[in-house]
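Good morning, colleagues. Please look at the structure on the screen while I speak about confidence and then about two residues.

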Amino acid sequence: MSQAFEFPQGFLWGSATSAYQIEGSPLVDGAGPSIWHRFVRTPGMVHDGDTGDVACDHYRRYKDDVRLMRELGLKAYRFSVAWARILPEGKGRVNPGGLDFYDRLVDTLLENGIEPLLTLYHWDLPAALDDRGGWLNPDIAHWFAEYASVMYRRFDGRVKKWATLNEPWVVTDGGYLHGALAPGHRNRFEAPIATHHLLRAHGAAVQAYRAEGKHAIGLVVNLEPKYAASDSAEDRAAVRRADAYMNRQYLDPVFFGRYPDELEEIFGEAWPQWPAEDFELIRQPIDYVGFNYYTRSVTRHDEQAWPLKAAPVKQHATYTETGWEVFPQGLTDTLVWLRDRYGNPPVYITENGSAFYDPPVADGDTLDDPLRVDYLRKHLRAIHAAICMGCDVRGYMAWSLLDNLEWSLGFSKRFGIVHVDFQTQKRTPKRSARLYSRIVGSNGRAL
Ligand SMILES: OC[C@@H]1[C@@H](O)[C@H](O)[C@@H](O)c2[nH]c(CCc3ccccc3)c[n+]21
């Protein structure tokens, strides 16, 4: 082992999942349906008609999965709470059975020396709230803060790192603009409204935390660096629009209290003017940025590409099964960008990982996944390089602990460092899990 890649003392090593992707048992113990429980039943929306009805059966197998994390030596676990387990109608009546499940999960994590990182919202809106307009209804900021307060009162202290939303960009772009994700809307007027209400809900939940909580709360965003396909003015303008739309649309309001100017250019008449007091709510200070990194985009101008007029350019490089270029330098570059644009905030890499075809489980106890091993090693080294450049990176959560339901792609894409046989629910660590375990145990020296 070399000192070359030693990480700072106390660097938080863990893995990440989300409720709908792994739990199964969507309606047991008093839980209400979510928009994903509905969406997977909409013909044609999910690969092979796959659903989260069973998924990794984590709701029942969580003790075994926590034991697996402990055997791998993980120090932390990022998971999300299914809002509709806690508030089956999204607001009002609290469901004790839902709170009890997360009590059991959090206590089991703590008993095993694993720190819980809790995400309040990872895309699974209670269906009852969608029936009232969901993210299009301005009241959702209060609904979300009410749900968040129930969780703060029950878990703060045992949970010391909270996140309000997972990836508001995906919620808006996937759920309201392009329609590939729940609730499946395709409306350029709805997208900016959903974005603004997500940010107001984030702000209201942070405000509620400051009144009730004593630890840390942040926002999780997906960031994808955009590189111009050429130095033409057209391509550079396309990069500015794409960067504003994905990377600055959420962090600028939170850190600066304003949207990037390019958004009005992109959405035109569909871009509303919002009252100043909204931005005072949105810009509540946060304690850290959760950064989900997967890939970059080389971007060119494309007059036909709605609404950005920007399109990706394929590179001569390795691509993952989800069509994402393997580009670890983009992780270093984006960490430096965060350092410089937002004043070097504490950052947790809350997701990073890759889906590659995994050969069928070999005999014995480890499945070989050479491409994922290579991806993991290169991206951790990219983080180390950013830390050496002064970026305040505090931890890394590998996406994902388990193969799970990859949203509209169903079970066809495997991101887990642990293989799941969805017929038998057998877990089999992959070689990437064995490597990650050594890296965690040596605080990076095994890299
Ligand atoms: O796609 C892998 C993971 C999902 O399984 C997580 O639930 C989600 O938080 C997440 N975000 C991203 C990057 C943003 C993105 C999501 C979906 C499609 C394209 C980009 C990748 N992932």
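The protein has an average pLDDT of 97, pLDDT being the predictor's confidence in each residue, from 0 to 100. A score of at least 70 is reached by 99% of the residues. The model also scores ipTM 0.97 and pTM 0.98.

This is a predicted model, in which local features need pLDDT of at least 70 and side-chain atom pairs count only at pLDDT 80 or more, while totals for chains, interfaces and linings use all residues. Residues are numbered from 1 along each chain as its sequence is written, and side-chain values use heavy atoms, with hydrogens and water left out.

I turn to Arg-85, which sits in helix H4, residues 83-86; helices (H or I, at least four residues) and strands (E, at least two) are DSSP runs, numbered from the N terminus. Is Arg-85 buried or exposed? Arg-85 counts as buried because its relative accessibility is 4%; buried means under 20% relative accessible area, exposed over 50%, and partly exposed in between, with a 1.4 Å probe and protein chains only. A polar atom of the Arg-85 side chain lies 2.9 Å from the backbone oxygen of Ser-25. Leaving aside residues up to four places away in sequence, Arg-85 touches several others, including Glu-23, Tyr-59 and Tyr-102, where contact means heavy atoms within 4.5 Å.

Lys-309 belongs to the loop between strand S8 (297-301) and strand S9 (310-312). With 36% relative accessibility, Lys-309 counts as partly exposed. Among the residues that Lys-309 touches, not counting those up to four places away in sequence, are Arg-241, Arg-300 and Asp-302. Val-239 is 70 residues from Lys-309 in sequence, and their C-alpha atoms are 9.8 Å apart in space.

Definitions and conventions: A polar contact is a pair of N or O atoms within 3.5 Å; within protein, one must be able to donate a hydrogen and the other to accept it, and residues adjacent in sequence count only if both atoms are side-chain atoms.
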